[in-house]
Amino acid sequence: MAKEKLDKEAQEKAQLEKDRAKWRKEEAKRRTKKSAGVNPVHSQKLKKALSILVVAVVVLGLAAGVGLHAGLPQVLLPAAKVGNSSVSAPEWAYYFYNAYAEEYSYAQQVASYYAQLGMEYPGLDLEKSPFEQTWTDENTGATKPYQDYLRQQTNDNVTELLTLYQEAKKNGVALSDENKQAIKDRIAEIRTSAGQSGMGASTYLSMTYTTGITVGKYRSILERAYLAQAFVEKKQEEIRGTYPDSKLLEEYNEDPTAYQTVSLRIIKNFSIAALTAKDGESAEDLAARQAENDADVKKNAEKFLAAVTDEDSFVALANAENDAAVTPDYNADTDTALYRTNKKTLLAYTKGKATPLADWAYAADRAAGNKAIIETDDHYYVVYLVETPYQMATVDYYSTALNYPTPAEGEELTDEQKTATKAEADALVKQWQEAGGAVSDFAALLKERAGEPESDVVEGETVTTEVPTGYTEQATPGTGSEAALNNWLFNSGRKERDHAVLATAAGYTLVVFEKQHTKEDGSPDYIWMSELANTHLETDYQAYLKDAIAQYAFSEKAAGIKYGLKSAREMCDTYILNMQAQSQLSSLGY
């Protein structure tokens with residue numbers, strides 16, 4: 001037992017060091033990519049709004065006295081020029097501050113993960129000015145001032161914004177009435193806030209940001225941003241139109257398996273350890289011992305495979321196979337499930353050493369219930385096919401949650417309370433079936449339970465008929481409410497009026513399947529099709545943007561940059577003070 005404890009501690013320590021190394025590498029890559037003009041957070045997502053389109057005013061300078069520190073000539077200095085458009089020093093400082101605020105927000109989000117690993121976040125120090133920090137370029141190993149990193153981000157953002165702004169003007173794009181009203185409303189909000197602070201709007205903006213950000217200047221910032229955004233949307237619509245469904249289907253037919261998803265169970269406990277020679281052991285004896293060890297591992301895998309009769313037995317056997325002393329939190333239901341998985345994921349699952357897992361799962365003669373041992377260089381994987389490959393589409397359904405009662409303070413939920421909640425769910429199923437058992441009957445029943453008229457849309461009791469917009473085939477399966485619901489909903493054999501009472505941590509979810517969601521033309525809303533279209537859209541838009549940026553020369557103006565950096569530093573330092581004050585107030589319960 002003592003040895004098992006030591007082995008467990010060694011494994012945990014090794015995993016911790018592995019996680020730490022991964023985080024360090026990922027953070028270094030992130031900063032290096034961004035310094036090169038690549039945004040690793042958003043590079044796979046089309047952005048309708050640019051990252052620099054920050055229109056919310058955060059009061060930075062009212063308490064610390066930022067602003068109103070420079071004369072008129074300085075605030076008129078140009079800081080950067082792109083093509084025929086330029087930004088003044090105050091505007092450039094405004095964009096620098098937005099770049100910093102984005103970095104600060106990111107650092108806040110990931111710092112807690114580092115803390116869980118016993119590490120200090122190696123990125124932005126939230127307690128220090130970015131002008132007093134450095135970062136390391138992963139490619140060169142060089143240590144650089146953090147302000148240079150943010151300066152590059154600012155210039156990249158300004159370049160993108162002014163390029164799109166000029167492209168919009170060139171292509172005759174104009175602000176919509178909705179955009180104009182949004183700008184008008186934003187200025188009105190600023191005037192209201194300024195009045196409450198006892199000052200004019202331009203003074204308020206200068207105190208909030210820096211001298212030179214007047215109402216007129218802020219309006220032009222918004223107009224430029226909204227116009228650039230409108231052009232992005234127009235360009236993306238134009239690109240999307242070049243990929244009709246018929247063209248996407250042609251790509252699909254070239255290799256359907258690349259777009260189909262499959263569900264299976266897999267256990268990877270049967271690993272092949274590379275043995276090392278003992279003192280005086282010959283190479284031949286080591287090879288023989290290795291072969292014997294590998295044979296024993298395979299024999300155990302074959303024993304597991306022979307005992308599998310269905311999916312439930314697979315899960316039960318996996319739980320029995322686990323060594324609780326080493327992995328006490330193991331849950332076979334989640335750890336062996338590869339639900340709604342695509343071919344690319346299966347190819348990566350074996351770390352590129354072999355492709356037999358994907359080849360087996362996507363074989364033309366494969367059937368649900370098939371099982372096998374998949375051998376790679378370092379594992380014998382035992383697999384069980386739950387569902388053959390198919391085209392997954394979004395779905396329409398109704399569901400309602402029946403939660404356990406909240407125990408009194410100091411008490412725990414009883415088995416009787418859990419049983420009563422399950423009985424309530426079963427009774428609701430019976431009531432629905434007695435009412436006719438149609439999907440519309442279920443919807444009406446839920447509306448009745450919520451006390452709403454038949455014609456009203458019920459929101460209070462999770463009555464939904466929807467397309468799960470956040471769903472992807474990478475959703476994690478398991479016993480949680482969302483995962484369990486996805487596992488049930490996206491079964492390829494699901495049909496109208498199918499229903500289930502799904503256990504969740506909070507109680508039960510009663511769900512009734514309506515239909516596979518269809519598009520306006522009546523064709524299935526295949527998830528692969530929208531993902532493929534978005535991939536093309538992302539690729540083509542980024543290619544267009546790269547070419548467009550190359551047409552507009554960028555240049556810095558030394559005097560304007562000098563003043564812009566001074567203003568940006570004051571804004572960033574005051575932002576830190578305000579965030580620290582907010583944190584202190586929050587810790588005191590305010």
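Colleague: Why are H4 and H7 called roughly perpendicular to each other?

Modeller: This is a predicted model, so every value here is computed from it. The axes of helix H4 (residues 146-170) and helix H7 (residues 215-240) cross at roughly 70° and come within 8 Å. Angles of 65 to 115 degrees count as roughly perpendicular, and H4 and H7 therefore receive that description.

Colleague: Which residues make the contact between H4 and H7, and how many of them are nonpolar, polar or charged?

Modeller: On H4 the contact is made by Leu-161, Leu-162, Leu-164, Tyr-165, Glu-167, Ala-168 and Lys-169, and on H7 by Arg-224, Ala-225, Leu-227, Ala-228, Phe-231 and Val-232. Sorted by class, the contact has 10 nonpolar and 3 charged residues, with no polar residue.

Colleague: What makes E9 and E10 edge strands?

Modeller: The open sheet has 3 strands in the order E9-E11-E10, paired antiparallel. Strand E9 (395-403) and E10 each have a single partner strand, so one side of each is left without a neighbour in the sheet. Neighbouring strands are turned by 25° against each other on average, direction ignored. Helix H14 (residues 415-434) packs on this sheet, touching E9, E10 and E11, and its direction makes about 30° with that of E11. Helix H15 (residues 439-449) also packs on the sheet, touching E9 and E11, at about 35° to the direction of E9.

Colleague: How do you know that E10 and E11 pair?

Modeller: Pairing needs at least two bridges, and 5 bridges join E10 to strand E11 (residues 507-516), the two running antiparallel. A hairpin through 3 residues connects them, and Val-501 stands opposite Leu-510 in E11. Within strand E10 (residues 499-503), Ala-500 and Leu-502 form the covered face, whereas His-499, Val-501 and Ala-503 form the uncovered one.

Colleague: Why does Arg-340 count as buried, and why does Arg-497 count as partly exposed?

Modeller: Buried means under 20% relative accessible area, and Arg-340 counts as buried because its relative accessibility is 2%. Partly exposed covers the range between that cut-off and 50%, and Arg-497 falls under this term because its relative accessibility is 46%. Arg-340 is found in strand E6 (residues 337-342), while Arg-497 lies in the loop between helix H16 (481-489) and E10.

Colleague: What is the phi of Arg-340, and what is that of Arg-497?

Modeller: Arg-340 has a positive phi of about 50° although it is not a glycine. For Arg-497, also a residue other than glycine, phi is positive and near 80°.

Methods: Residues are numbered from 1 along each chain as its sequence is written. This is a predicted model: local features need pLDDT of at least 70, side-chain atom pairs count only at pLDDT 80 or more; totals for chains, interfaces and linings use all residues. Side-chain values use heavy atoms; hydrogens and water are left out. Axes are lines fitted to C-alpha atoms, for helices over the stretch in contact, and angles run from 0 to 180 degrees between N-to-C directions. Helices (H or I, at least four residues) and strands (E, at least two) are DSSP runs, numbered from the N terminus. Angles under 35 degrees count as roughly parallel, over 145 as roughly antiparallel, 65 to 115 as roughly perpendicular and the rest as oblique. Contact means heavy atoms within 4.5 Å. Ala, Val, Leu, Ile, Met, Phe, Trp, Tyr, Cys and Pro count as nonpolar, Asp, Glu, Lys and Arg as charged, and the others, Gly among them, as polar. Buried means under 20% relative accessible area, exposed over 50%, partly exposed in between (1.4 Å probe, protein chains only).
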